[in-house]
Amino acid sequence: MTASARDMQRHKEEIKETIRRGPFSDDWDSLGGYEIPDWYGEGKFGIFIHWGVYSVPAFENEWYPRNMYRKDSKAYHHHLKTYGSLDEFGYKDFIPQFQAPSFDAEEWAALFKRAGANFVVPVAEHHDGFAMYDCPFTDWNSCKMGPKRDVIGELSEAVRRRFMTFGVSSHRAENWWFYNGGRDISSDIEDSDYVGLYGPAQRSLGRIDTPAPLFQPSQSFLDDWLVRTCHLIDRYGPQLVYFDWWIEQPAFQPYLRRLAAYYYNRAAEWDLGVVINYKFNAFKEGTAVYDMERGLLEQIQPRVWQTCTSVSETAWCHIEGHVYKSPERIIGDLVDVVSKNGVLLLNVGPKADGTIPEEERSILLSIGDWLGRNGEAIYGTRPWTVFGEGPTKIVSGTFNDTKRSSFTYEDIRFTTRGTTLYVIVLGRPENGRIEIRSLAENSHLYPGRIASVILLGCEQKIQWRREAGGLILTLPEEEANIFGLSFRITGEEDQ
């Protein structure tokens with residue numbers, strides 16, 4: 001047995017022992033005892049970071065490493081024209097260009113804090129197989145190549161110094177097949193010297209443009225996935241581990257249970273609450289936190305859930321020619337998600353040199369300014385009886401984050417803290433007048449009497465009256481036509 005094989009076996013035994021000690025065992029019934037920690041359910045807003053070697057070509061999206069090997073794809077033709085043939089210049093050849101001279105973890109963390117984030121989740125390893133941390137199971141990592149720095153380690157320290165919670169994201173599962181386009185053309189994928197980066201490149205079942213591989217992952221690949229993930233947990237102590245799709249494949253099921261039991265048991269030893277994010281049906285409901293990629297939901301959910309989306313409309317990593325969302329659109333999504341018992345994980349994509357684009361900095365600072373005034377209606381709140389009212393229809397489901405119309409001043413969302421009700425207006429009030437139909441006189445939703453209505457961030461008293469058609473608010477002139485105003489409503493029984 002080689003030294004690396006002995007090391008892998010030792011880690012597997014340590015994982016088994018940690019699961020054996022409990023309190024969680026690797027079965028769904030036991031994992032059903034998992035509880036979502038308060039820091040997450042009350043924190044509401046986190047920052048996601050897609051940054052890696054794929055930030056160097058900055059073309060199309062973070063799937064460039066796959067698409068550049070898919071013959072006749074847009075990325076393939078761009079690569080041939082820009083860098084030359086794939087047997088002479090493959091994805092590995094971008095690594096020396098990934099020097100990241102301007103990367104400053106402290107600067108990033110300070111920006112995320114100003115944005116109002118309560119947790120930060122960088123991608124530790126994407127589908128491309130290049131680890132952004134000190135991983136002992138591969139030489140293809142940021143400590144030995146590229147920037148030659150422990151990116152995850154530096155970020156974990158900077159984030160925690162600012163009293164934010166640190167998490168990591170793992171997309172390694174897809175490395176099983178990610179580079180398989182290179183099997184059908186002349187490319188460096190076939191060179192065994194690079195298997196540590198390119199992985200199995202398992203051929204697809206049918207068309208090359210489908211990710212469904214011919215075979216499920218092998219035991220050795222799955223063992224490696226489990227050991228790497230557990231090592232990542234132990235080394236950096238993240239309180240959130242986000243998994244991308246494809247772990248829902250049948251072969252992963254027993255490994256997911258072992259991973260969850262190991263992580264939850266380690267968290268019990270640390271006396272810290274932790275979160276696993278999953279998509280689709282990878283985990284049994286109630287054993288982790290469901291994440292909907294680039295999507296919203298129509299109704300309040302009984303369990304805390306998450307949506308992950310990006311400041312841009314398409315790519316998650318930095319690319320040239322991004323189409324960015326407006327801060328108002330992102331804030332609208334944040335409020336809508338929170339009103340339905342959700343959490344928003346908002347992605348940014350730094351440039352290859354380690355700088356965060358000015359457009360993205362501006363978006364984050366605008367969100368931070370809004371939360372600085374209105375955060376009382378977001379942080380630590382819970383859903384009300386109904387999530388809100390208004391004419392704008394939410395298009396429910398994944399990859400629908402750009403399909404809703406813009407919210408209007410008639411679109412209103414509710415949150416609560418104890419007996420206090422918060423009202424958030426998702427547009428700009430017309431003529432300084434707001435009507436809240438759900439709070440009409442004799443409304444069954446709010447049968448008690450209203451004692452006070454306070455506009456957050458405003459020292460002036462608000463004129464209000466309760467009529468049969470709704471609660472009518474009249475704003476001071478200087479507050480009229482401001483986006484996203486929030487109101488604190490208190491009942492007489494609370495006075």
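The legends below describe close-up views of a predicted model.

Local features are reported at pLDDT of at least 70 and side-chain atom pairs only at pLDDT 80 or more, whereas totals for chains, interfaces and linings use all residues. Residues are numbered from 1 along each chain as its sequence is written, and side-chain values use heavy atoms, with hydrogens and water left out.

View 1. A search of the whole structure returns 0 disulfides, a disulfide being a pair of cysteine sulfur atoms within 2.5 Å. For Cys143, the closest cysteine sulfur belongs to Cys135 and lies 9.6 Å away, too far for a bond. Cys143 is partly exposed, with a relative accessible area of 24%, while Cys230 is buried at 2%. Here buried denotes under 20% relative accessible area, exposed over 50%, and partly exposed the range in between (1.4 Å probe, protein chains only).

**View 2. The salt bridge between Arg172 and Asp224.** The closest N and O atoms of this pair are 3.3 Å apart; a salt bridge is a side-chain nitrogen of Lys or Arg within 4 Å of a carboxyl oxygen of Asp or Glu. Arg172 lies in the loop between strand 4 (168–170) and helix 8 (195–198), and Asp224 in helix 9 (residues 219–236), so the pair ties together parts that are 52 residues apart in sequence. Helices (H or I, at least four residues) and strands (E, at least two) are DSSP runs, numbered from the N terminus. Both partners count as buried, Arg172 at 7% relative accessibility and Asp224 at 12%.

**View 3. The salt bridge between Asp336 and Arg413.** The closest N and O atoms are 2.8 Å apart in this pair. Asp336 belongs to helix 11 (residues 327–339) and Arg413 to strand 11 (residues 412–417), so the bridge ties together parts that are 77 residues apart in sequence. Asp336 is buried, with a relative accessible area of 0%, and Arg413 is buried as well, at 2%.

View 4. The side chains of Arg488 and Glu376 meet at 2.7 Å, N to O. Arg488 is in strand 17 (residues 486–491) and Glu376 in the loop between helix 12 (358–374) and strand 10 (388–389), so this pair ties together parts that are 112 residues apart in sequence. Arg488 is partly exposed at 22% relative accessible area, and Glu376 is partly exposed at 29%. Elsewhere, salt bridges with shared partners join Glu17, Arg20, Arg21, Asp234, Arg266 and Glu269 into one network. The count of salt bridges comes to 40.

**View 5. Packing of helix 6 with helix 7.** Helix 6 (residues 105–114) and helix 7 (residues 151–161) pack at an angle of about 40 degrees, with their axes 8 Å apart. Axes are lines fitted to C-alpha atoms, for helices over the stretch in contact, and angles run from 0 to 180 degrees between N-to-C directions. Helix 6 is therefore oblique to helix 7; angles under 35 degrees count as roughly parallel, over 145 as roughly antiparallel, 65 to 115 as roughly perpendicular and the rest as oblique. The crossing is right-handed, meaning that the near helix is turned clockwise from the far one by less than a right angle. Ala105, Glu106, Trp108 and Ala109 of helix 6 make the contact with Glu154, Leu155, Ala158, Val159 and Arg161 of helix 7, contact being heavy atoms within 4.5 Å.

**View 6. Packing of helix 6 with helix 12.** The axes of helix 6 and helix 12 come within 7 Å and cross at roughly 40 degrees. These two helices are therefore oblique to each other. On helix 6, Glu107, Leu111, Phe112 and Arg114 meet Arg361, Leu364, Leu365 and Gly368 of helix 12.

View 7. Gly22 and Pro23 are joined by a cis peptide bond, with omega about 15 degrees; Pro23 lies in the loop between helix 1 (3–21) and helix 2 (28–31). Asp271, a residue other than glycine, has a positive phi near 60 degrees. Asp271 is located in the loop between helix 10 (253–270) and strand 6 (275–278) and is exposed at 69% relative accessibility. Arg294 likewise has a positive phi, near 45 degrees, and lies in the loop between strand 7 (289–293) and strand 8 (305–310). Arg294 is buried, with a relative accessible area of 3%.
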